[in-house]
Amino acid sequence: RFNTFSIRINDTATGPVHIKPSSLVYNASFMYHFNDRHHVFAGFHTGFRAPNIDDLGTLGIVDFRYEVPVSDLAPEQSRTTEIGYKMQEGKWNAAVSFYYMDIRNLITRVKVEGEVINGYNVYKKQNTDKGYIKGAEISAGYMINRWLNVSGNLALQHGQSITAAEPLRRIPPVHGRFLVSYKKNNWFAATELLYAGEQDRLAKGDKDDNRIPTGGTPGWQVLSIFAGYEWKNLQFNTGLQNLFNEDYRMHGSGINGVGRSIWLGVMVKW
């Protein structure tokens with residue numbers, strides 16, 4: 001796939017800006033079937049992100065710093081290699097995969113030394129960073145009987161800036177999900193546990209980010225219960241979220257998750 005963009009900004013600080021980033025993106029994948037129950041796979045994927053108007057034209061206070069526009073950003077580019085294994089054996093199913101992503105021309109905020117506006121340090125965005133993200137994803141499930149199923153997954157990532165010799169910003173901590181679900185006739189019910197570990201491996205930009213608590217984002221566990229019933233063209237759903245009223249936050253989001261709450265829903269199909 002060939003991608004091309006035309007971005008124009010008429011900025012009072014930098015004057016007319018016109019950039020035309022483009023890139024050829026391609027993917028290749030391979031799967032080998034040992035039999036109908038066991039498979040291995042591998043893939044190589046490329047990616048690219050063109051600078052957007054926010055990257056180029058930000059002017060003013062952003063997250064307790066002052067940003068100024070730029071006019072010469074290049075696209076970010078990535079190359080990802082992945083290998084994995086899948087199986088379906090009797091009542092069991094499982095999958096595991098490992099990946100390594102090489103990232104270049106990362107757009108990062110760079111402090112302009114010696115410049116202060118209205119008491120705020122001045123930053124601008126540049127293609128200054130090269131780094132990588134490596135990780136693994138694991139999932140498994142077991143059918144206890146025709147109506148009851150247990151499943152879970154776990155994901156972990158490690159990001160590193162090669163240029164700055166520090167962690168990449170806003171890398172998620174280890175996180176996962178455990179689910180027990182029941183479905184019989186028109187009834188459905190499930191218990192879900194969401195989990196995230198502590199993330200205290202922080203870049204300098206994370207430490208300066210007011211969305212991330214001092215010392216890192218604490219780990220958390222959130223338990224929820226859901227149920228539903230289908231009748232003719234109607235589907236009734238209810239849920240009790242965050243049963244233990246856990247105070248939690250997705251790393252880097254700046255917004256705490258919903259507390260203990262109940263919801264009801266009706267869906268009409270025709």
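Which residue takes a positive phi in the hairpin of strand 14 and strand 15? It is asparagine 185, with a phi near 55 degrees, and the hairpin has two residues between the strands.

Before I continue, a word on the source. This is a predicted model, in which local features need pLDDT of at least 70 and side-chain atom pairs count only at pLDDT 80 or more, while totals for chains, interfaces and linings use all residues. Residues are numbered from 1 along each chain as its sequence is written, and side-chain values use heavy atoms, with hydrogens and water left out.

Let me begin with the strands. Helices (H or I, at least four residues) and strands (E, at least two) are DSSP runs, numbered from the N terminus. Two strands pair if DSSP finds at least two bridges between them. Strand 14, residues 175-184, pairs with strand 15, residues 187-196, in the antiparallel sense over ten bridges. Within that pairing, arginine 177 has leucine 194 of strand 15 as its bridge partner. Strand 15 in turn runs antiparallel to strand 16, joined by ten bridges. There, threonine 191 is bridged to isoleucine 225 of strand 16.

I turn now to backbone angles. Most residues other than glycine have a negative phi. Lysine 232 has a positive phi of about 55 degrees although it is not a glycine, and asparagine 242 likewise has a positive one, of about 50 degrees. Lysine 232 sits in the loop between strand 16 (220-231) and strand 17 (234-241), whereas asparagine 242 belongs to the loop between strand 17 and strand 18 (261-268). For accessibility, buried means under 20% relative accessible area, exposed over 50%, and partly exposed in between, with a 1.4 Å probe and protein chains only. Lysine 232 is exposed because its relative accessibility is 70%; asparagine 242 is buried because its relative accessible area is 1%.

Another loop residue is aspartate 209, between helix 2 (204-207) and strand 16. With 2% relative accessibility, aspartate 209 counts as buried. Leaving aside residues up to four places away in sequence, aspartate 209 touches Arg169 and Arg170, where contact means heavy atoms within 4.5 Å.

A pocket, on a 1 Å grid over the protein atoms alone, is an open set of points where a 1.4 Å probe fits, with protein on both sides within 12 Å along at least five of seven lines; lining residues have an atom within 4 Å of a point. Grid points are joined across faces, edges and corners, and a volume is the space filled by probe spheres set on the points. The largest pocket has a volume of about 950 Å³. It is lined by 33 residues, and those closest to its centre are Ile107, Thr108, Arg109, Asp129 and Arg169. Strand 10 gives the most to this lining, with seven residues.

Finally, the aromatic rings. Rings of Phe, Tyr and Trp (its six-membered ring) pair if their centres lie within 6.5 Å; planes under 30 degrees apart count as stacked, over 60 as edge-to-face and the rest as tilted. The structure holds seven aromatic pairs. One of them joins tyrosine 26 and phenylalanine 44, a tilted pair at 6.2 Å centre to centre, with 35 degrees between the planes. This pair links distant parts of the chain, 18 residues apart: tyrosine 26 lies in the loop between strand 4 (22-24) and strand 5 (27-33), and phenylalanine 44 in strand 6 (residues 38-49).
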